Amino acid sequence: MKIFTDLNLHENTPVRVQPQTGEWGPTQVMSTGSKKRARILWPVGFVAAATALFVFGHWIFGIIMNVGG
């Protein structure tokens, strides 16, 4: 059982409905490898951004709480 679906969308489609092909492959179409990398990098980036915001907020909160003291 695969974790992800098959990202090769051109497997069983006729040539007339496939994207235009340039000299080295399809033009303006994401490769299967880049789709796989995006599936990993987006969640990692989201967690990193959320963590950075939490740490920044915690730092600002600490500054605000020490001003009165």
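A word on the model before we go on. This is a predicted model, where local features need pLDDT of at least 70, side-chain atom pairs count only at pLDDT 80 or more, and totals for chains, interfaces and linings use all residues. Residues are numbered from 1 along each chain as its sequence is written, and side-chain values use heavy atoms, with hydrogens and water left out.

**Whole chain.** Show the protein chain: there is one helix and zero strands (DSSP runs numbered from the N terminus, with at least four residues of H or I for a helix and at least two of E for a strand). Of its 69 residues, 4% count as buried (under 20% relative accessible area; exposed is over 50%, partly exposed in between, with a 1.4 Å probe and protein chains only).

**Back to phenylalanine 4.** Phenylalanine 4 has 45% relative accessibility, so this residue counts as partly exposed.

**The aromatic pair.** Next, select phenylalanine 56 and tryptophan 59, which both lie in helix 1, three residues apart, about one turn of the helix. Aromatic pairs here are rings of Phe, Tyr and Trp (its six-membered ring) with centres within 6.5 Å; planes under 30 degrees apart are stacked, over 60 edge-to-face and the rest tilted. The count comes to one aromatic pair. Its ring centres, in phenylalanine 56 and tryptophan 59, are 5.9 Å apart with planes at 45°, so the pair is tilted.

**Last stop.** Colour by accessibility: phenylalanine 56 is partly exposed at 47%, while tryptophan 59, at 51%, counts as exposed.
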